[in-house]
Structures are given as C-alpha cells and as structure tokens.
Amino acid sequence: MKAIQFTNKTAQKIYADYISRIKRTTATLNKTDREEILMELNSHIYEGMMHKTPSSEIESLVDVTEQLGAPEEILKPLIAQKKLEQATRSFNPKHIFKALVLNISSSVVYVFFALLYLTLFGFVFAIIEKIKNPEYVGLFFKNGNFHLLGTRNPANSEELGLTEVLGNWFIPVMILCIIVLYMVITLLLRLKRKK
Amino acid sequence: MNVDFVHKWKSQVKKGTLAFIALNVLKDHEYYGYELIEQIKKNTQIEIAEGTLYPLMNRLKKENLVTSKWVEQASGIPRKYYVLTPTGEETLLQMRTFWLDLEKSIKKISK
C-alpha cells in the first residue's frame, strides 16, 4: 500500500494512527484480505481528502475518518464474514474458534455450533481418563447392547453383566470419533454459511 | 408520536434497503467506494455510516452480484471499482419488481 503524504506533521500522525488501527483490527485475517481492506480504506481516505473543500489538512482528515467510522466498529462484520469463509475452508481449529466468537453476536445458530464443538471435548476427556485409569474406562456392553461409554468400577462390572468391548482399541477409536465428528460439524457449518 | 420508535424503524429500513440502493446506483455505472457512497448520499439523502458500505460490498461480491477491479491512478493510490455482474443485473430486476409490488400494496392500505 502506498501511504498518503501530508505536509502537516500532526495530520501525518493521525493518519498513521488510523492505519495502524486498521492493521490491528484485521490482524487475524490472511495477507491478501488484510492488504485488500487496507488498500481500499486508504483509497477512501485519499479520495475523501481530494473531494473536501480546501481547509486545513487536519480538519479534512478528521472529517473523512470520522465519517468513515472507527476501524474496530466498521470492520467487525467484514472480519466475521471473512473469518468464517476462511475457517470452513481450512478446517483449522484456531480459525473455527475465532470465527465462532466473532459470529456469536450475529446469530444464536453459532452458539449451537459452539456447543457441538464442545461435545468433542467429552471424547478427549474419555481418552485422558483411560490413560489414568485403564481398568475403569471403556465402552461397555450389556447382553450384546450398548450400555455405557465412560467409567465403571471393575469390581462390580461382572455383577452387572458388563463387558468392555474395545480393549486396546479404545483410544484409537475415540480419536477417530473426534476426527469424524469434527469433519461432520465443520461441513454442517459450511452448509449453514452457504444458505 | 413515538419519536424513538420511528427513529429505530427508519434505521432498520435503511439497513435493509442499502443493498438494493447500492445495486441500483451501480446499474449502468461503475464506481469506486468513495464515489459510490457520494452517489448514494446525493440520490437518496440517506446519511449512511460510510464504513458500513465496505462489508456490504464484500457480501455482494461473495453473492456474485458485483465484481471489483483495481485501477491504477496517477497518484499511486489505486481505486477499487465495483461493477454489476449479469447475475447482479437479473437480481436487481427481481428486487425492483418486489419493491414496486410492495409500494403498490402500501399505497393501497395507507389510504
């Protein structure tokens, strides 16, 4: 981006401050999007300055930026949009988390998605427990039907007629569940966005 | 009169029609951001918060209603021009039909 040159030092400072606020606000986006937004707002400021009736540089600049609005405010919906596009494209949990936080205010539906992602932690918790108490944790069947995924005291397992069916496969299966669920939820999120 | 209610209602209507207004202004013309805002202000007397136009244009682009292109300037600071796509033109016609129908209905009931 080519910076605008001001003759007045204070105007230059106000301008530099505004630009750095745009940069800070857009920091979570990818480079192309950041550049695009910066160049467009910079162009807006430049054209605004050119179209103002001649007064002092500071006055025109303050006018233009005030009418444009605070970068943090005006860019909020734009960043939420871009972030969600990026998140559902990349499957990166960091982007997904940020996109959800940014979009929560715009829709309750995203709260529902946040909850779905949270359920994944249930599986993570099961893996941790399995490592700590291998004898207690597992996928238990009773009379050939699913009974429980979680913790049971091995002492009275037999009494209750419970059999653990996964054995050493417990952790790999849990990891697989996490991956599959994660993909399904993210694909649902992508569908929701396309609607 | 409930001034507060009218005020809120007006801002909702403006927000809801800004896309329609921007597409109308872009019909048969291409404008860069600042110019587009000036045109909207001049033609509609709507005082829009200027910054809100850019997220809107991003949405219209995503929906394939407009495209944009950077055009280099002598100043070294390029302008980003927005143009209606064929889909945008068709969509605008649909929106206009709806708008006219709505206008008719409102005239009918507000006698």
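A helix, as I use the word in these entries, is a DSSP run of H or I with at least four residues, numbered from the N terminus. I keep in mind throughout that this is a predicted model.

**Entry 1, Ala22(B).** I looked up Ala22(B) and found it in helix H1 of chain B, which runs over residues 3–26.

I then turned to strand E2 of chain B, residues 66–71, in which Lys69(B) lies. Lys69(B) counts as exposed because it has 12 C-beta neighbours inside 10 Å, and the limit for an exposed residue is 12 or fewer. For Glu90(B), 21 residues from Lys69(B) along the chain, I recorded a C-alpha separation of 21 Å. I next listed the contacts of Val66(B) beyond its neighbours within four places in sequence, and among them are Leu26(B), Met57(B), Leu60(B), Tyr82(B) and Val83(B).

I counted 16 residues from chain A and 17 residues from chain B in the contact. On the side of chain B that touches chain A, helix H2 (33–44), helix H3 (53–62) and strand E3 (79–84) each supply at least two residues, and the largest share, four residues, comes from H3(B). By class, I found seven nonpolar, six polar and four charged residues on this side of chain B.

In the UniProt record, an unreviewed entry, I found the annotation "domain: Transcription regulator PadR N-terminal" over residues 23–92 of chain B. In the model, I see that these residues are 47% helix and 20% strand, with the end C-alpha atoms 7 Å apart.

I found eight helices and three strands in chain A, and, read along the sequence, they follow the pattern α-α-α-α-α-α-β-β-α-β-α. The radius of gyration of chain A is 27 Å, whereas a compact globule of 195 residues would have one near 16 Å, and the C-alpha trace spans about 90 × 35 × 25 Å along its principal axes. Of the 195 residues in chain A, 25% are buried. I noted that chain A is divided into domain 1 (9–86) and domain 2 (109–194), and that the centres of these domains, taken over C-alpha atoms, are 48 Å apart.

Which residues of chain A does UniProt list for "transmembrane region"? The unreviewed entry gives residues 99–128 and 169–189. I looked up residues 169–189 in the model and found them to be 95% helix and 0% strand, with 30 Å between the end C-alpha atoms.

How values were computed: Residues numbered from 1 in each chain as written. Chains lettered and ligands numbered in written order. Predicted model: local features only at pLDDT ≥ 70, side-chain atom pairs only at ≥ 80, totals over all residues. Buried ≥ 20, exposed ≤ 12 C-beta atoms within 10 Å, placed from the backbone. Contact = placed C-beta atoms within 7 Å. Nonpolar A, V, L, I, M, F, W, Y, C, P; charged D, E, K, R; others polar. UniProt positions renumbered as here; feature names shortened; annotations may be inferred. Rg over C-alpha atoms; globule rule 2.2 N^0.38 Å. Domains from an automatic or database assignment.
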